[in-house]
Amino acid sequence: MDAILVTGAGGQIGSELVPALRQRWGEERVIASDIRMPASPAAGAFELLDCTRPEQIFEAIRRFGVRTIYHLAAMLSAVAEERPQAAWNLNMGGLYNVLEAARQNRCAVFFPSSIGAFGPTTPRDRTPQDTAQRPTTMYGVSKVSGELLCDYYAQRFGVDVRGIRLPGLISHTAPPGGGTTDYAVEIFYQAIRYRHYTCFLRADTSLDMMYMPDAIRAIAEVMAADSTRLKHRNSFNISAMNFTPERLAAEIRKHVPDFVIDYEVDPTRQAIADSWPRSVDDGAARAEWGWKPEFDIAAMTRDMLEKLRARLKPAR
């Protein structure tokens, strides 16, 4: 059986990618793994796996017959700044172990990079696919280093490793996990429950964002793309929408008229956001594998509120 292994399956992306993969390929073929057991047992195989321990990766590949790895295990931006040494060990050590296991077992690999791989010397508007990458955060350093390591394994050893540079992600399934763009998830919970949100970024902080269904589809599409059309293969810029906290609050007020937003800026997360692109040029992804988003801010906001209202009740 050619199985699929997902590391970091309990995180924001994994919690929606695993069901999507199981729907497409069958429950028995997709092995979810994480460093922690899931809070509630779900259908399908689960493996307790620490990516910093290579023997565990090799054992999972051998036991399940894994041929594709979606490597999602990583520490996110704000948490990584608080624990930079641990972030390097997980983000880079884990990726190296996965790539080495893939090399020896002829597995394909998906690696998610980020707009965090760019830095303050990168052009901030319509950031090109190929440009200066000098990040000033440990998260960013690990992402650009990961991109280079993936390119090395593809060129030197022929490992079929592909990836995308994800913008901020918005999901109704998993709670925020310590990212700089998490305000765009938290704001919906607070709007429904309290009609009020205190944002940790400035009102005018403009960043590219994407609704999780688009991100899951992009991951599937880049992995399924014809390799002969891919000039880049790894770390494609992709985007779907661009907004500020104030713009998102205005869109939410169309559905929650008494919603109020105020601001208590976190200097650490604001500095991270200010070092990232305001927008990226995703022309390479569109040309090489046909990327096209389906959700804009209006469609995303409607769907987020609908999904969360089914689970959350107002606090008063």
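The model is predicted, so local features need pLDDT of at least 70 and side-chain atom pairs count only at pLDDT 80 or more, while totals for chains, interfaces and linings use all residues. Residues are numbered from 1 along each chain as its sequence is written, and side-chain values use heavy atoms, leaving out hydrogens and water.

**Rings in pairs**

Searching the whole structure turns up nine aromatic pairs. Rings of Phe, Tyr and Trp (its six-membered ring) pair if their centres lie within 6.5 Å; planes under 30 degrees apart are stacked, over 60 edge-to-face, and the rest tilted. Here are two of the pairs:

| Pair | Centre to centre | Angle between planes | Type |
|---|---|---|---|
| Y211 and F295 | 4.9 Å | 75° | edge-to-face |
| W289 and W291 | 6.1 Å | 45° | tilted |

Y211 sits in strand β9 and F295 in the loop between α10 and α11, so their pair ties together parts 84 residues apart in sequence. (Helices, H or I with at least four residues, and strands, E with at least two, are DSSP runs numbered from the N terminus.) Y211 is buried, at 0% relative accessible area; buried means under 20%, exposed over 50%, and partly exposed in between, with a 1.4 Å probe and protein chains only. W289 and W291 are both buried too.
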